Amino acid sequence: MKTVMATGTFDIIHPGHGYYLEEAKKLGGDDAKLVVVIARDSTVRARKRVPVVGENQRLEVVKMLKPVDEAYLGHTSDMFKIVEEIKPDIIVIGPDQDFDLRKLKEQLKERNIDVDVVKVTSYKKSPLDSSCKIIKKIKEMEFDEKIFKNGP
């Protein structure tokens, strides 16, 4: 059985996330185990933007997704530490993740981590196929304040 590691923010879950995770798991073969590493809030702030959903809730939601066998929060200071702990056979990079694969492979090799690195290049297109598109749509909407009074 091969262990496949996928990583990401998974801030506002959309079909692209599901597609990426399905494709990642397929790369490991029929009996693959998919382990997902969720970016910490501090990492998201440094690389993208302020996350809408906190890291613990993002982790909880990702654990519920069908292709996912295990999920963990990444480390705050060393992104390779979780790789050393899990020891995946394959690390899968998403189509929208900005990694220099050559440099990443060199960094892994320097740490004596023997793992294949594969980038999923196809993408599930849909009207709201990114967290940023979803955020933009929500910002453009008007809400009647009464709808929030019945909630928790």
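Helices and strands are DSSP runs, of at least four and at least two residues respectively, numbered from the N terminus. The model on display is predicted.

Begin with Thr9, which sits in the loop joining strand 1 (3-8) to helix 1 (15-26). Thr9 has a relative accessible area of 11% and is therefore buried, the limit for that class being under 20%. Show its surroundings next: beyond residues up to four places away in sequence, Thr9 touches Ile38, Ala39, Val44, Lys48 and Arg58.

Then select the positions that UniProt, in an unreviewed entry, gives as "binding site": Thr9, Phe10, His14, Pro15, Gly16, His17, Asp96 and Tyr123. Of these residues, Thr9, Phe10, His14, Gly16, His17, Asp96 and Tyr123 are included in the lining of the largest pocket. Gly16 belongs to helix 1, and its relative accessibility of 6% places Gly16 among the buried residues.

Centre the view on Leu34. Apart from neighbours within four places in sequence, Leu34 is in contact with Val4, Ala6, Leu21, Ala24, Lys25, Pro67, Val68, Asp69 and Glu70. In soluble globular proteins, nonpolar side chains tend to be buried together.

Conventions: Residues are numbered from 1 along each chain as its sequence is written. This is a predicted model: local features need pLDDT of at least 70, side-chain atom pairs count only at pLDDT 80 or more; totals for chains, interfaces and linings use all residues. Side-chain values use heavy atoms; hydrogens and water are left out. UniProt positions are given in the numbering used here, feature names are shortened, and annotations may be inferred rather than shown by experiment. On a 1 Å grid over the protein atoms alone, a cavity is a set of points where a 1.4 Å probe fits but cannot get out, and a pocket is an open set with protein on both sides within 12 Å along at least five of seven lines; lining residues have an atom within 4 Å of a point. Buried means under 20% relative accessible area, exposed over 50%, partly exposed in between (1.4 Å probe, protein chains only). Contact means heavy atoms within 4.5 Å.
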